[in-house]
Amino acid sequence: MDEFENLMEQLNQMNNEDRSGKIKELEADCVCPTCPTYNDCAKNNEENVFCITGMSEDCITMELGCLCPTCPLAQKYQIGLMNNFYCHRGTETEQKEG
């Protein structure tokens with residue numbers, strides 16, 4: 001099991017409150033808000049950490065550039081090395097299974 005899979009396993013075992021808190025912690029290393037694809041709609045809906053939370057609900061509809069491979073969070077958990085555009089294509093898990 002890789003680092004990302006370990007993280008997802010931990011998150012899946014947490015209750016909603018603890019999971020939300022952990023995701024808030026992970027946001028500190030997230031580069032989504034500085035990405036060319038990120039937009040005001042995503043910002044206003046507080047969407048980010050797409051590699052873990054999944055693609056944008058309704059906000060991100062076009063791929064304008066991707067910073068996922070440079071993200072400290074992605075590097076720490078070995079996400080972004082296989083896939084990218086999580087905001088538009090889904091989580092690392094979803095893309096691995098796809």
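Visitor: How much space lies in the largest pocket?

Guide: About 180 Å³. The model is a predicted one, and the values here are computed from it.

Visitor: Which residues of the lining lie nearest the centre of that pocket?

Guide: Glu27, Glu46, Glu47, Asn48 and Thr53 lie nearest the centre, out of 13 lining residues. As for secondary structure, H2 and H4 are the elements that give two or more residues to this lining. The largest share comes from H2, with 3 residues.

Visitor: How do the lining residues of the pocket divide into nonpolar, polar and charged?

Guide: There are 3 nonpolar, 5 polar and 5 charged residues in the lining of the largest pocket.

Visitor: Where does Asn48 lie, and what does it touch?

Guide: Asn48 sits in the loop between H3 and H4. Leaving out residues up to four places away in sequence, Asn48 touches Glu27, Cys30, Cys32, Pro33, Tyr38 and Thr53. Two of these partners, Glu27 and Thr53, are also among the residues nearest the centre of the pocket.

Visitor: Is Asn48 buried or exposed?

Guide: Asn48 has a relative accessibility of 14%, so it counts as buried; the cut-off for buried is under 20%.

Visitor: What should I look at in Val49?

Guide: Begin with the general idea. Most residues other than glycine have a negative phi. In this structure, Val49 has a phi near 50°, a positive value in a residue that is not glycine. Val49 is in the loop between H3 and H4, and at 0% relative accessibility it counts as buried. Its contacts, not counting residues up to four places away in sequence, are Ile23, Glu27, Cys30, Cys32, Gly54 and Leu73.

Visitor: What is the phi of Phe85, and where is its place in the chain?

Guide: Phe85 also has a positive phi, about 50°, and is not a glycine. The place of Phe85 is the loop between H5 and H6. With 13% relative accessibility, Phe85 counts as buried.

Visitor: How many residues has the largest nonpolar core, and which have the most contacts inside it?

Guide: The general idea is that nonpolar side chains in soluble globular proteins tend to be buried together. Here the largest nonpolar core has 25 residues, and Val49, Phe50, Ile52 and Leu73 have the most contacts inside it. At least two residues of this core come from each of helix H1 (3-13), helix H2 (16-26), helix H4 (50-53), helix H5 (72-76) and helix H6 (86-89). H1 gives the most, 4 residues.

Visitor: Which residues lie nearest the centre of the largest cavity?

Guide: Val31, Cys32, Phe50, Cys68 and Tyr86 do, among 19 lining residues. The count is 1 cavity of 30 Å³ or more, and about 160 Å³ of space lies in the largest cavity. H4, H5 and H6 each supply at least two residues of its lining. By class, that lining has 18 nonpolar residues, 1 polar and no charged, whereas the lining of the largest pocket has 5 charged residues.

Visitor: Which cysteines form a disulfide?

Guide: A disulfide is a covalent bond between the sulfur atoms of two cysteines. The structure holds 1 disulfide. Cys41 and Cys59 form it, with their sulfur atoms 2.1 Å apart. The pair links distant parts of the chain, 18 residues apart: Cys41 is in helix H3 (residues 40-44), and Cys59 is in the loop between H4 and H5. The torsion about the S-S bond is about -55°, so the disulfide is left-handed.

Visitor: Are the two cysteines of the pair buried, exposed or partly exposed?

Guide: Cys41, at 33% relative accessibility, counts as partly exposed, whereas Cys59, at 7%, counts as buried.

Visitor: Where is Lys22 found, and is it buried or exposed?

Guide: Lys22 is in helix H2. At 19% relative accessibility, Lys22 counts as buried. Aside from neighbours within four places in sequence, Lys22 is in contact with Leu7, Leu11, Met14 and Tyr77.

Definitions and conventions. Residues are numbered from 1 along each chain as its sequence is written. This is a predicted model: local features need pLDDT of at least 70, side-chain atom pairs count only at pLDDT 80 or more; totals for chains, interfaces and linings use all residues. Side-chain values use heavy atoms; hydrogens and water are left out. A nonpolar core is a set of buried Ala, Val, Leu, Ile, Met, Phe, Trp, Tyr and Cys residues joined through side-chain atoms within 4.5 Å. Buried means under 20% relative accessible area, exposed over 50%, partly exposed in between (1.4 Å probe, protein chains only). Contact means heavy atoms within 4.5 Å. On a 1 Å grid over the protein atoms alone, a cavity is a set of points where a 1.4 Å probe fits but cannot get out, and a pocket is an open set with protein on both sides within 12 Å along at least five of seven lines; lining residues have an atom within 4 Å of a point. Grid points are joined across faces, edges and corners, and a volume is the space filled by probe spheres set on the points. Ala, Val, Leu, Ile, Met, Phe, Trp, Tyr, Cys and Pro count as nonpolar, Asp, Glu, Lys and Arg as charged, and the others, Gly among them, as polar. A disulfide is a pair of cysteine sulfur atoms within 2.5 Å.
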